[in-house]
There are 2 protein chains.
Amino acid sequence: MPEPANQALRPARRNEIRQQNEALILQAAEKVFAEAGFGGATMQLIADVAGLPKANLHYYFATKEELYRKVVQNIFEIWLHAAESMDNAPGPVEGIGAYIDAKMEISRRHPDGSKVWASEVMHGAPVIQDYLETTLRDWTAGRVALIQGWIDAGQMAAVDPRHLLYLLWAATQHYADFGHQIETLNAGPLTERQWREAKASVKMMILRGIGAV
Amino acid sequence: MPEPANQALRPARRNEIRQQNEALILQAAEKVFAEAGFGGATMQLIADVAGLPKANLHYYFATKEELYRKVVQNIFEIWLHAAESMDNAPGPVEGIGAYIDAKMEISRRHPDGSKVWASEVMHGAPVIQDYLETTLRDWTAGRVALIQGWIDAGQMAAVDPRHLLYLLWAATQHYADFGHQIETLNAGPLTERQWREAKASVKMMILRGIGAV
DNA sequence: CTTCAACTTGACCATACGGTCAGGAAAAGA
DNA sequence: TCTTTTCCTGACCGTATGGTCAAGTTGAAG
């Protein structure tokens, strides 16, 4: 893909305009949806955050739903990518350890995306129900088999693989979804050092919890 | 308190009418706020769910915000009550075990409340920020000390008490907040037996994770 | 330069929402 | 019974929101 990787916004070739504005809008939308929820978000506010007139949003995204759907799909992409980190590992320490690292990094780098995802699922997954029933279900089945293999090989304790996955999701996403609570209790955002401690704590507790260390 | 514990809705003494209708509205509101979020919820829908005319809601609760605030406060009460289960325990196995049981039970019995709470925190705790800074912070400090005591007494591994608390909150609340996802992967609601397994799995993984078993 | 398609945007519209209110019904008190 | 207080509710209102549109501007193609 011969992408110019244009960081600034000068030349603006026809094709780039579209990509640039779509990205700008999606970024603003993710933030606003995360902060206000789908119902509380307004196209006007998203437009203001993006620095574009509202009518321009509707040129690129016909409806609020369509824009929201794109945001959620983007998050799912990131999620799936992180999910790969679990594969090709010789055992649970490496596989689950890498997965925790990847998911903690998402919580740190994309807290808004995580919140939008959480909100979507909490409200009954109105737009990504099909993904849950296909992609996520398949991915989960594969990972359950992987974990069961590690158990059968004596590399970890005989825990229920599904509940382990839930624990992994819960523990890692909590640092994004409940970030405000954590920051309040911490009297400020987590520092670089505190993030390392958080990662290490989660990894240690879970890996020991499944008898892998 | 000489409360008649009136389950049906017959006699309707003056005082009971108020209590009954407020409870009815709060119940409906919790459900609607959980399903649609604050911004997506409408007074009309809450009224329909409660089976009352919309104007009647405004007789008992002046504004949507006031109603929402009451719902969130109710949830916080339940949360605080469950929090007591951790005290007066001889060690982490009993204390944390009981706390996990209590919180899992809340996820099962009050999933809507849990979702409203999660949503509130995700959106920056606009109405319960003061609770986070006072009640929750104090409670957390106390529990951190309690856990540190267990660590110092050699009853569990030297984990960071704060991250343990976050793990407890995350793991248990996940079964309510992401219940829809779990039910989709489970091809249906968790059965009585599956709930027992969930509880046991969470408890086992975490207790072993902190070196208490 | 001309033409055409892609992009931009201020002004506008219909609707849905939170909230109000006046007038009536039903208890409680005297 | 009469009076007072609480409760109930259909009809109404101002506003904010998602979405439309028509008239423009800008970049590409010939």
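Of the atoms of DNA strand C within 4 Å of the protein, 53% belong to sugar or phosphate, and the rest belong to bases. This is a predicted model, where local features need pLDDT of at least 70 and side-chain atom pairs count only at pLDDT 80 or more, while totals for chains, interfaces and linings use all residues. Residues are numbered from 1 along each chain as its sequence is written, chains are lettered from A and ligands numbered from 1 in the order in which they are written, and side-chain values use heavy atoms, with hydrogens and water left out.

**Around DNA strand C**

- On the phosphate side, a side-chain N or O atom of A:Y59 is 2.9 Å from a phosphate oxygen, and one of A:N21 is 3.2 Å from a phosphate oxygen.
- On the base side, a polar side-chain atom of B:K54 lies 2.7 Å from a base oxygen.

**A look at A:T140**

- Is A:T140 buried or exposed? A:T140 is buried (under 20% relative accessible area), at 2%.
- The side chain of A:T140 reaches the backbone oxygen of A:L136 at 2.7 Å.
- Beyond its neighbours within four places in sequence, A:T140 is in contact (heavy atoms within 4.5 Å) with A:R162, A:L165, A:W169 and B:L185.

Technical notes
A residue is near a molecule or strand if one of its heavy atoms lies within 4 Å of it. A polar contact is a pair of N or O atoms within 3.5 Å; within protein, one must be able to donate a hydrogen and the other to accept it, and residues adjacent in sequence count only if both atoms are side-chain atoms. Buried means under 20% relative accessible area, exposed over 50%, partly exposed in between (1.4 Å probe, protein chains only).
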